[in-house]
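Here is a friendly walk through one protein model, from its overall build to its ligand shell and its helix packing. Have the structure open as you read.

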Amino acid sequence: NTSNHVRIVEVGARDGLQNEKTLLPAAVKIALIDRLSSTGLQTIEATSFVSPAWVPQLADAAEVYAGIRKLPGVSYPVLVPNLTGYQRAREVGATHIAVFTAASEAFNRRNINASIDESIERFVPVMEQARADGVQVRGYVSTVLGCPYQGEVPVADVVRVARRMHELGCGEISLGDTIGTGTPAKARAMLHAVAQEVPMAALAVHFHDTYGQALANILACLEEGVRVVDSAVSGTGGCPYAKGATGNVASEDVVYMLHGMGIETGIDLDLLIATGAWLAAQLHKDTASRVTRARTAA
Ligand code: HMG
Ligand code: MG
């Protein structure tokens, strides 16, 4: 793939917030997404229609989704674990959803209380309904480069789950390094193996920066041909059911790297930096974006 454009999937309002202990008001989440919409991002994950007992921070999913300004040309996907979540998402008009499972049995059990096969069985009616409703579906495969409970995850397991989700009708498959243990050669080999079964154009990469490897891993995957990258503004994020998981790679840092390489994103980096700094202030945290720190230090 020689395309000079990378699409960033901004997951800060979902992955970024789901692990935050202090509950943010819905109005702040809406303001975050509206600010992100003005940066030129094409895809902004908005929230999750999961069980509020499992992820209390996103219990306001309906209010947030209903409250955001939906710009034409921008999609606002939401996570959906089952038919209940799908129906809640549709009630407020969601047109793009994401289903999620993992390459590791142990992680899946803790995250969604199901085995891999059971979770895929749960998606079948969701996918059928989505097809009937014209709803686009992304599929996440977590723990593609390591599991907090199982340790090593065989690449063959990643390939099997990704292929199954693609066969079921997921138009895009995001490969998640949930705990950030991956390193570039392994990331590249994993992507290469998956791309033998699922077209590269349907793949995305999703790196958490727990071990400081995310940008290097993204570069390795770009060289392998991927053109969709997930990231979170200000480097927020983490899965509450992955012990030790920390933030996603910061969107600002990914965009800075891409623009520096002459790759287009359509994103205004200055606006993104301002949004990340604003979010960090809302969370009373220092930003995890190195670019934002460098730019705001002067
Ligand atoms: P369960 O307890 O097995 O579900 O949880 P259940 O079907 O037995 O239902 C239990 C109760 O929850 C019932 O209510 C249901 O109605 C309710 P009760 O009868 O007890 O009053 N319920 C719901 N309520 C609202 N919305 C729903 C819903 N579903 C059931 N959708 C379940 C199973 C999947 C629901 C639960 O485990 C769950 O919600 N898990 C979500 C965990 C999560 O959100 N994790 C983070 C996202 S994944 C991630 O971060 C990784 C990613 O970033 C990629 C990467 O980094 O690798 C994507
Ligand atoms: Mg994640």
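The chain has 298 residues, for which a compact globule would have a radius of gyration near 19 Å, and its own value of 17 Å agrees with that. Here the radius of gyration is taken over C-alpha atoms, and the globule rule is 2.2 Å times the number of residues to the power 0.38. This is a predicted model, in which local features need pLDDT of at least 70 and side-chain atom pairs count only at pLDDT 80 or more, while totals for chains, interfaces and linings use all residues. Residues are numbered from 1 along each chain as its sequence is written, with chains lettered from A and ligands numbered from 1 in the order in which they are written.

**Overall build**
- The C-alpha trace spans about 50 × 40 × 35 Å along its principal axes.
- You will find 12 helices and 9 strands in the chain; these are DSSP runs numbered from the N terminus (helices H or I, at least four residues; strands E, at least two).
- An unreviewed UniProt entry annotates residues 6-273 as "domain: Pyruvate carboxyltransferase"; such annotations may be inferred rather than shown by experiment, and positions follow the numbering used here, with feature names shortened.
- Residues 6-273 are 41% helix and 15% strand, and the end C-alpha atoms of this span lie 18 Å apart.

**Around ligand 1**
- Of the 27 residues around ligand 1, the nearest are V50, G85, S142, G176 and T178; a residue belongs here if its C-beta atom, placed from the backbone, lies within 6 Å of the molecule.
- Elements giving two or more residues to this shell are α1 (15-18), α4 (83-91), α5 (105-112) and β6 (136-142).
- The largest share, 3 residues, comes from α4.

**Helix packing**
- Helix α2 (residues 26-37) packs against helix α11 (residues 269-282) at an angle of about 170 degrees, with axes 10 Å apart; axes are lines fitted to C-alpha atoms, for helices over the stretch in contact, and angles run from 0 to 180 degrees between N-to-C directions.
- That angle makes α2 roughly antiparallel to α11 (the term applies over 145 degrees).
- In this pair, V28, L32, R35 and L36 of α2 meet T275, W278, L279 and Q282 of α11, where contact means C-beta atoms, placed from the backbone, within 7 Å.
- Helix α12 (residues 290-297) packs with α11 at about 90 degrees, again with axes 10 Å apart.
- α11 and α12 are therefore roughly perpendicular (65 to 115 degrees).
- Here I273, G276 and A277 of α11 meet V291, T292, R295 and T296 of α12.

Conventions. Angles under 35 degrees count as roughly parallel, over 145 as roughly antiparallel, 65 to 115 as roughly perpendicular and the rest as oblique. Two residues are in contact if their C-beta atoms, placed from the backbone, lie within 7 Å.
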